[in-house]
Amino acid sequence: MSNNLKRILDFNSLTDSVFLFGARQTGKTTLLLERFPDIPYYDLLETDTFERFQRNPSLLRQELLALPNDSWVVIDDIQLIPVLLNEVHWLMTRKNLKFVLSGSSARMLRRRGVNTLDGRASRIVLYPLVSAEIPDFDIIKAVNHGMLPRHYMASDTEIKDRLQAYVSVYLKEEIKAEALVRNLSTFNRFLEIAALNNGEMINYNNIARECGVDGKTVKEYFSILFDTLIAYEVPAYQKHIKRRLNQASRFYFFDVAIPSYLTRRGYLQPGSADFGHAFEHLMIQEIIAYLGYHKCDNALSYWHTYSGLEVDAVLGDAEVAIEFKSRTEIQNNHLKGLRAFKEEHPQARLIVVSLDPRPRQWGDVEIMPAQDFLKKLWGKNIF
């Protein structure tokens with residue numbers, strides 16, 4: 001990762017052990033090596049380290065007993081040997097050692113027999129890069145390359161091969177390695193169908209029909225995506241006032257370039273419908289990361305009426321309503337959803353994020369160029 005990229009996630013305020021989760025290649029290992037250069041560090045992706053602890057997990061306890069109380073230890077990719085959590089638990093309670101336990105999947109914590117440390121370790125997530133971490137952030141590049149560090153920093157000629165390797169090696173192989181599904185070919189088909197529905201309301205039966213499986217299987221597949229942090233679920237805003245509201249959740253892959261690759265869209269340019277979908281996805285991705293880093297749980301939803309009116313993002317209890325339009329000039333017809341939302345929630349701040357060259361105020365609607373919106377978001381001036 002370039003030294004010019006300074007990650008927002010900060011460990012300086014840590015006082016107790018944590019599970020650090022994040023999808024593959026979000027930069028967990030790089031960040032941990034930068035933040036903890038002088039403490040015991042175990043990388044379970046190293047073959048010799050993995051084999052030692054898999055053969056004899058008690059070696060961890062033996063090696064760390066000599067540390068002073070309150071010392072910190074990092075174990076990277078802890079999900080590869082979950083039984084090590086028994087040793088970690090012992091060291092936390094008997095030696096008061098503190099751990100950063102990284103992994104790409106929270107799903108391991110739900111496996112039968114896995115030690116969850118009795119709530120002694122909190123959970124934090126490292127997201128892909130966000131605009132505030134990138135000098136001279138380029139929206140068009142982000143839409144096409146995605147925001148994983150290796151992908152965003154790649155050249156236009158490199159990105160296709162990197163995305164191909166990521167999808168085949170990390171997404172599909174991770175599912176295979178964890179033995180989460182029996183039929184990988186069906187799951188691969190599901191990934192492609194899910195990519196076509198990225199950013200849409202989840203209709204389990206329709207997706208099941210296209211995959212040739214039952215709805216229960218599709219629900220389990222989505223659960224796998226959410227638990228392995230490959231996708232996010234955005235719930236529907238449910239506070240009913242006058243209009244009847246859809247209740248189905250929307251889902252987004254964790255990185256904007258993944259569905260584009262899976263659907264073979266090619267390079268996206270402003271003005272196309274595909275760019276518009278990816279633009280919305282990128283902005284939602286930024287909001288999810290912002291809310292995650294600021295521990296604003298359950299603060300994001302979307303609003304959609306049965307008559308077709310919608311708002312892409314609702315923050316908090318209707319405090320902020322946001323529409324994303326990849327247009328260079330917002331027109332009156334682009335404001336229908338926001339104005340309908342305002343009728344039911346008069347206290348809401350209304351924002352359209354667009355590619356307009358300058359910010360504007362249209363009645364009670366703020367029209368913000370995307371770069372301005374992102375700066376305000378990370379400057380804590382949106383929510």
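Visitor: How many bridges join β1 to β4?

Guide: Four bridges join these two strands, which run parallel. The model is a predicted one, in which local features need pLDDT of at least 70 and side-chain atom pairs count only at pLDDT 80 or more, while totals for chains, interfaces and linings use all residues. Residues are numbered from 1 along each chain as its sequence is written, and side-chain values use heavy atoms, with hydrogens and water left out.

Visitor: What is joined to β4 from β3, and in which sense?

Guide: β3 and β4 are joined by four bridges and run parallel. Here Val 73 stands opposite Phe 99 in β4. Helices (H or I, at least four residues) and strands (E, at least two) are DSSP runs, numbered from the N terminus.

Visitor: Why is β4 described as largely enclosed?

Guide: Six of the six residues of β4 are buried, so the strand is largely enclosed by the rest of the structure. Buried means under 20% relative accessible area, exposed over 50%, and partly exposed in between (1.4 Å probe, protein chains only). Lys 98, Val 100 and Ser 102 point one way from β4, whereas Phe 99, Leu 101 and Gly 103 point the other way, and all are buried. In a regular strand the side chains alternate between the two faces of the sheet.

Visitor: Why does Ser 102 count as buried?

Guide: Ser 102 has a relative accessibility of 0% and therefore counts as buried. The residue lies in strand β4 (residues 98–103). Not counting residues up to four places away in sequence, Ser 102 touches Leu 20, Leu 32, Ile 75, Asp 76, Asp 77, Ile 78 and Gln 79; contact means heavy atoms within 4.5 Å.

Visitor: Which strands make up the sheet that holds β4, and in what order?

Guide: The open sheet has five strands in the order β2-β3-β4-β1-β5, with parallel pairing. Its edge strands are β2 (41–43) and β5 (122–125), each of which pairs on one side only. From one strand to the next, the twist averages 15°. Strand β1 (residues 18–21) meets β5 over four bridges in the parallel sense, and Leu 20 has Ile 124 as its bridge partner in β5. Helix α4 (residues 84–95) packs on the sheet, touching β1, β3 (72–76) and β4, and its direction makes about 160° with that of β4.

Visitor: Which elements make a β-α-β unit with β4, and of which hand?

Guide: β3, α4 and β4 make a right-handed β-α-β unit. A crossover is right-handed if, with the strands pointing away from the viewer, the path from the first strand over the helix to the second runs clockwise. A right-handed unit is also made by β10, helix α13 (residues 336–344) and β11.

Visitor: What makes the pairing of the six-stranded sheet mixed?

Guide: The open sheet of six strands has the order β8-β9-β10-β11-β13-β12, with mixed pairing. Strand β9 (residues 310–315) and β10 pair in the antiparallel sense over three bridges, whereas strand β10 (residues 320–324) and β11 pair in the parallel sense over five bridges. β11 and strand β13 (residues 365–369) also run parallel, joined by five bridges. In strand β11 (residues 349–354), five of the six residues are buried.

Visitor: Why are α8 and α10 called roughly perpendicular?

Guide: The axes of helix α8 (residues 184–196) and helix α10 (residues 215–227) come within 11 Å and cross at roughly 75°. Angles under 35 degrees count as roughly parallel, over 145 as roughly antiparallel, 65 to 115 as roughly perpendicular and the rest as oblique. α8 and α10 are therefore roughly perpendicular to each other. Axes are lines fitted to C-alpha atoms, for helices over the stretch in contact, and angles run from 0 to 180 degrees between N-to-C directions. Among the residues making the contact are Phe 187 and Phe 190 of α8 and Tyr 221 and Phe 222 of α10.

Visitor: Which residues touch the most other members of the largest nonpolar core?

Guide: They are Ile 322 and Phe 373, in a core of 117 residues. Helix α12 (residues 273–293) gives the most to this core, with 12 residues. A nonpolar core is a set of buried Ala, Val, Leu, Ile, Met, Phe, Trp, Tyr and Cys residues joined through side-chain atoms within 4.5 Å. Residues touched by Phe 373 include Met 283, Ile 287 and Ile 322. A second, separate core of 17 residues includes Ala 348, Leu 350, Val 365 and Ile 367.

Notes
Pairing = 2+ DSSP bridges.
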